[in-house]
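I am keeping these notes while I go through one model, entry by entry. Each entry says what I looked up and what I found.

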Amino acid sequence: MSSKPVFLYDTTLRDGTQGEGFQLSGFDKLRIAERLDAFGIDYIEGGWPGSNPKDIELFQEAKKLKLSHARLAAFGSTRRANTAVEEDRQVALLLEAETPVVTIFGKSWELHVTEVLRTTVEENRAMIRDTVAHLVKHGREVVYDAEHFFDGYKDSPEHALATLEAAAEGGASCLVLCDTNGGTLPSEVMQICLAVKTRLPDTPFGIHTHNDYELAVANAMAAVKAGAAQIQGTINGYGERTGNCNLTSVIPILQLKMGLKLVPGLEKLRDLSYFVDDVSNNPHFARAPFVGRTAFAHKGGMHVNAVRKLARSYEHIEPGSVGNEQNILVSELSGQDNILDRAEKLGLPLAKGSAEAGSVLRRVKELEHEGYSYEAAGGSFELLVRRELPDYAKPFEFTEYHTSFRQYRDGHAPVCEATVKLRVDGKPVLTVAEGHGVINALDLALRKALVPFFPELESVSLVDYKVRIIDGHDATAAKTRVLIVSSDGTRNWGTVGVSESIIEASWIALTDGLELFLQRR
Ligand SMILES: [Zn+2]
């Protein structure tokens with residue numbers, strides 16, 4: 001492997017899947033591995049073949065992967081106590097995975113050796129040395145993960161260092177110091193890493209941190225400062241408890257702040273982050289540094305004014321360098337600059353101080369006061385601007401709708417029915433539809449009415465529907481906010497409706513979604 005200042009070792013597929021709510025099928029893992037490789041990750045840990053048959057299958061399938069850069073690693077443990085390494089089934093499975101790299105973990109903390117493994121410190125060192133040497137003899141690059149290294153070192157520096165020596169004697173390519181319990185401070189990491197470097201100057205060391213003190217990234221940075229040659233972590237910080245070291249933060253910090261060239265296309269970072277969320281079916285964390293939706297969002301009016309003049313005045317990096325973008329939030333706090341900026345990005349420029357700009361601003365403030373929010377409903381904002389422009393024409397005019405819900409007690413399925421009355425080109429249209437819910441019935445009746453005039457609406461579907469109760473300005477007027485996402489198969493857009501009635505709120509969001517599609521044609 002070519003020389004690099006720091007190698008990136010991803011364990012999203014192994015340690016990441018220890019996290020609650022983060023599950024990946026074998027197929028998901030292969031897709032993520034390909035993306036990690038394309039992004040420039042150096043090592044990808046695929047799983048632990050000795051822990052479950054799913055991971056054995058994964059390594060079978062992974063043989064077909066054509067990784068252009070990354071080296072795939074199988075993960076496992078040292079041989080069992082008092083067993084010859086050649087006879088240890090778990091170690092044999094590591095070789096059967098046929099990966100170029102094998103990572104094994106061993107015990108650094110004397111307490112774990114005597115109390116958990118119930119063996120001697122000498123046997124523990126032999127387990128580490130034998131296993132590493134055995135894997136090296138079979139042509140593997142062996143990464144040694146020193147479990148509980150920092151806690152073990154604090155308890156007995158001599159014991160912890162002797163276990164690393166055993167791994168180095170066996171031929172390990174890198175000694176990875178693990179903060180398994182996640183409670184070490186950056187100053188301690190720095191000091192202990194320097195002690196390791198002094199004792200074992202000829203074998204590179206790496207760092208594997210957990211985020212229990214919210215210091216996983218800071219601890220990894222401290223280790224790099226002390227000379228670490230490998231960083232282990234996961235995309236978006238997925239992992240057990242509070243998670244692992246977040247590579248999505250570490251990589252831009254090292255590359256942009258410390259000038260270390262680690263990946264060729266840092267601007268693909270945000271997409272990689274979203275990809276891992278989507279494949280694992282997790283919501284994106286909006287406030288994530290660098291890649292979050294709001295990482296470069298500006299809300300206060302004066303603040304936005306300054307950002308528009310000079311982005312550097314309120315932004316630590318150029319958002320595009322990590323594939324993110326500046327996001328000017330439209331809110332009650334916003335001045336005219338917010339609105340102008342967003343409208344311009346939509347290709348609907350409004351002149352500053354113009355009558356249109358003034359009326360859009362007034363309308364946004366009125367509606368926000370009613371409970372509207374446009375941060376996840378860019379489609380409704382776009383429609384609001386379009387409606388204030390002089391060439392706006394309504395594609396259809398709604399007159400009325402009616403919905404009903406009939407629940408039976410004799411086992412008959414409930415019936416939801418909607419009637420819609422509207423006018424297109426002055427012609428009255430009336431349709432009725434039944435659905436499996438009131439909103440579904442309304443949606444079907446609307447389409448039935450509109451599709452004969454606008455057949456292209458066939459391609460539009462409702463892909464997400466969220467309801468939230470918001471506080472009204474007095475106790476009697478709690479309101480419902482409905483957020484809808486519509487899609488035409490290539491593009492998604494969000495719309496919003498607010499009303500004291502959930503049906504009316506849904507109706508507003510629904511019709512906005514359809515109208516915007518027609519306006520954009
Ligand atoms: Zn871990």
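Which residues does Phe-149 touch, not counting residues up to four places away in sequence? I found Ser-108, Ala-160, Leu-161, Leu-164, Leu-177, Cys-178, Ile-192 and Val-196, where contact means heavy atoms within 4.5 Å.

Before going on, I noted the ground rules. This is a predicted model, in which local features need pLDDT of at least 70 and side-chain atom pairs count only at pLDDT 80 or more, while totals for chains, interfaces and linings use all residues. Residues are numbered from 1 along each chain as its sequence is written, and side-chain values use heavy atoms, with hydrogens and water left out.

**Cores.** I looked up the nonpolar cores, each a set of buried Ala, Val, Leu, Ile, Met, Phe, Trp, Tyr and Cys residues joined through side-chain atoms within 4.5 Å; buried means under 20% relative accessible area, exposed over 50%, and partly exposed in between, with a 1.4 Å probe and protein chains only. The largest nonpolar core has 82 residues, and Tyr-144, Phe-149, Leu-164 and Ile-231 have the most contacts inside it. Helix α9 (residues 216-225) gives the largest share of this core, 7 residues; helices (H or I, at least four residues) and strands (E, at least two) are DSSP runs, numbered from the N terminus. Apart from this core lies another, of 32 residues, including Ala-418, Ala-509, Leu-514 and Phe-517.

Asp-15, in the loop between β1 (7-10) and α1 (26-39), and His-210, in the loop between β7 (205-209) and α9, are 195 residues apart and link distant parts of the chain. Both Asp-15 and His-210 are buried.

**Cysteines.** I counted a disulfide as a pair of cysteine sulfur atoms within 2.5 Å, and by this rule the count comes to 0. Cys-245 is in no disulfide either, with the nearest cysteine sulfur, that of Cys-178, 12 Å away. Cys-193 is buried, with a relative accessible area of 0%, and Cys-245 also counts as buried at 0%.

**Backbone angles.** I looked up two residues other than glycine with a positive phi. Glu-214 has phi near 55° and lies in the loop between β7 and α9, where Glu-214 is exposed, with a relative accessible area of 68%. Asp-425 has phi near 50°; the place of Asp-425 is in the loop between β12 (415-424) and β13 (427-435), and at 66% relative accessibility Asp-425 counts as exposed.

**A pair across the chain.** Ala-133, in helix α5 (residues 121-137), is partly exposed, with a relative accessible area of 33%. The C-alpha atoms of Ala-133 and Glu-169, 36 residues apart along the chain, are separated by 8.0 Å.
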